[in-house]
Amino acid sequence: MLGIFRRLALAFPIAVGVSVVCFALVYIAPGDPLETVVPSDATAATIAVIKHAYGFDKPLAIQYLIWLGRVLHGNLGISIATNRPVSLEVGEALVNTLRLVALAMPAALIIGYAMGVAAARYPGRMLDRIVSGLAMFGISLPNYWVGVVLVIVFAVQWPLLPATGMAPIAPGSIGMFNWSDLRFMILPAISLALIPTGIIARSTRAAVLDVLSQDFVLTLRAKGLDEEAITRHVLRNALPQVIAVVALQFGYLMGGSILVETVFSWPGTGYLLGYAIQNRDVPLLQGIVLVLSMIFVVTNLIADLLQVRVDPRLRRG
Amino acid sequence: MSSILAQPPSDFEGPLLPLLLVRDLKKHFLLRGSGKLGARVHAVDGVSFSIAKGETLGIVGESGCGKSTLARLLMHLMPCDEGDFTFDGEAVNGAQGIGVASLRRQMQMVFQDSSASLNPRLPVQDSIAFGPRMQGKGRREALTVAREALRQVNLDPDLVGGRFPHELSGGQKQRVNIARALAIGPRMVILDEAVSALDKSVQAQVLNLLVRLRAELGLAFLFISHDLSVVRYISHRVLVMYLGQVVEVGPASALFAAPLHPYTRALLASRPSMDPARRIESLPVTGEPPNPVDLPPGCRFAPRCRFAEAVCTAKMPMLVTRPPDEGLRHEAACFIHDPESGHSLAGTGLSWETLT
Amino acid sequence: MPASHGYWLGVWRKFCKHPGALLGAFLLLCIVLAAVLAPWVAPFDPNQGGIILRLKPFGYDGHLLGTDELGRDMLSRLIYGARVSLAMGVAPVVGATIIGGGLGIVAGFYGKIANGIVMRVMDVFYAFPSVLLAVAIAGAMGGGLIDGMVALTLVFIPPMCRVAETATAQVRRLDFIEAARATGAGGWAIIRYHVIGNVLGPILVYASSLVSVSMLLSAGLSFLGLSVQPPTPDWGLMLSTLVQSIYVVPWVCALPGAAIFITSVSFSLLSNGLGEAMDVRR
């Protein structure tokens, strides 16, 4: 229990720091931050009203607290480009990103984990080298370029799948379980899954090898356990490290899919972020960054807590 | 002793004044996260002693008794909680007297782990030259000093100077560490388990080297070790520590021939003996030393002492001189040697027969 | 007198026995040479094109790798593009290594308060996914060559700082630092003579692995239009403009990405080899 509270207590100041950075984004944008919320054709009187309403005439610290108060009430401001609440825009995009990640992440986990375990069973052998090589390729490949190549192969050369876009989803459906929706998601999901697959394979291999080198495995062998039972023990002990990596990768995918989503014009958070930047829509940019980074903080925390649950040694301190 | 006659030019206070005088040194470590707020480890708890010029003081005790902490406190590598240092008649780090920097010019230290105490990325002569460089010498001058120091420890600077630590043997590395200490030109060297990690044969070579250096340079040594035979070989006087306190201090010959404190006796008795008749049947000390966090109120050795009585757990024994009025003082902190203590054996003294 | 060798010589020898590392080093050498010697190596002017020459396939009239949407020679543009792309990939890592590495060494060596302040600030920046942070900063700043570099440098400072801090904290506990302090040396002298040499290995290995990531991210930023602006030849930018033409000359459009990939893999290979040669565990 102590460990859990400690981790919660540690995550809190980080979340506060993240919110400060997001708040500061407005101020590193060129020009007066006021311009970002004022329509270009506003009169001087309107500007004064808005200035006061947003608290731009107050000291920075106060402005931050006002902003934080609004954010905590779910108010992320109004998008300049679309004139809709930022929270609404981000919410819709988030669902779409989550659908892609929900397809890419399990695939990455299963393939990466299998590759990692297989490589660790035969360290230094051909299989291990192939896996390590593939993992390095997965990590070094520009995933946006892979997206382009996939489109060239599966949409241009052999028109099997759509190149870009998303099918309109019926209300209430998650749009993942029928072919007409799914076919739009296959190529972006593959591009997204590359890096996590490589990283999961690499860290699973390292974690399993690490456990295999510990003395208790020797004890198990000496006790006459068969290889299958030993593997069960080893995989269980390698689990905490793997969980941490998987959760981290989930967070990265949620916040790092901007390039792939741009290639496929997939209307998720990354695509929205690109849209916000192109239209110099700072409130929208700030809202997206805040939501995505908070998701990242929370996934990291969950990963930590899961590790504590699996590994009793972490429960104290 | 020739070393006292060979008075170094920096000695302004005369040979009779002690080189280093330490009074009531204390270092407590606060324990964090132990659940008990304010729990402390009494690593060094009121230690006082002196070292004469050219003298070697051996410090012995079980691991965890505060020997290494004491060494680091003396070098001012960690701040002490309480205590006075006087080096050659001058207070260290007080309002007057000498500062830590000046102390370090006169006092150096050799560590136990000969590998870890050399920078693996520097040729050894550069490691040795670092000290003189920091004293303001130029690059070439510092290197000359370093090579001279290597010669003093019987290493050929042309052969060894340009090598890296991993290319040297353990004994060579420890010689380099000694050379590094000498290059500063100290008057006193603290040797913290400096030969403990070496093979017996190499140990003997290094010990002989130390004896020679002591005579040639008039060095004082503070020789910390858990190895009683080595301490006996090199020390003029010996100090025995138990759980952060001094339990006995005296001339090496007297202390080894007739130890006063039951703990010292137990330590000596636990040495493997070459003489079959002297081999012991039962362990002289049983049990672990008490947890240094929850110390018993009286004598700290009482829980393990076979002579312990009510008085021992009631109050803390002070160091008393026994026998009094002799040339070199031999002191022990035990009620048995305090005629007024009320201990049943008080005043009778102890002899080897009572123990074996 | 037997030949005495230093640490770096040993590293070099082990590095040379590593086939992957040698391959990476060789590829990088080729890319760097091509970038430096671009005016002599490139067959055409990278900015000279023509409407008639638009989007031609491989080998068309002496254009070995075809032409782009403005009829400019692809091979020449790829060669010239190496200049900006390499600079964009390497510069942020160099900056982050100096700033983050320096901060990490100071934090790791002095510990306590300095460590607390530096590392807590780093934790905050660590709490952003790297792509998101780079895009957000570059996007908020407006998105130019300098903005992109600054954003990437900021992204790489925290992880660099952590690596340097961990390595320094380990070295700091060793006896030779105590021994150096016992000679009366000050903090800076100890850092200069005794710490830097011992933490440089892990820092360099990590930096070389960061270059691989940095190549991908910086190309990604220019792909999004947040870094280099046209008509400068840059791989990421070329990829983003050519994507619209994949139905005309699909494989020509894929070329800039391949260049990014090969460079990134080469740095990965190099970094793996360095890591093994220096025996740095990652």
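Visitor: How far apart are the end C-alpha atoms of helix 3 of chain A, and what span should its 13 residues give?
Guide: This is a predicted model, where local features need pLDDT of at least 70, side-chain atom pairs count only at pLDDT 80 or more, and totals for chains, interfaces and linings use all residues. Residues are numbered from 1 along each chain as written, with chains lettered from A and ligands numbered from 1 in written order. Helices here are DSSP runs (H or I, at least four residues), numbered from the N terminus, and the expected span is 1.5 Å times one less than the number of residues. For residues 60-72 that should give 18 Å, and the end C-alpha atoms agree, being apart by 18 Å.

Visitor: Which residue just after helix 3 of chain A takes a positive phi?
Guide: Look just past the end of that helix, for a phi of about 85°. The residue is A:Gly74.

Visitor: Are helix 10 and helix 11 of chain C roughly parallel or antiparallel?
Guide: Helix 10 (residues 235-242) and helix 11 (residues 250-278) of chain C pack at about 155°, with axes 8 Å apart. Axes are lines fitted to C-alpha atoms over the stretch in contact, with angles from 0 to 180 degrees between N-to-C directions. Over 145 degrees counts as roughly antiparallel, so helix 10 and helix 11 of chain C are roughly antiparallel.

Visitor: Which helix of chain A gives the most to the side touching chain C?
Guide: The contact (C-beta atoms, placed from the backbone, within 7 Å) takes 39 residues from chain A and 36 from chain C. With eight residues, the top contributor on the chain A side is helix 6.

Terms used. Contact = placed C-beta atoms within 7 Å. Helix = DSSP H or I, 4+ residues; strand = E, 2+ residues; numbered from the N terminus. Parallel < 35°, antiparallel > 145°, perpendicular 65-115°, else oblique.
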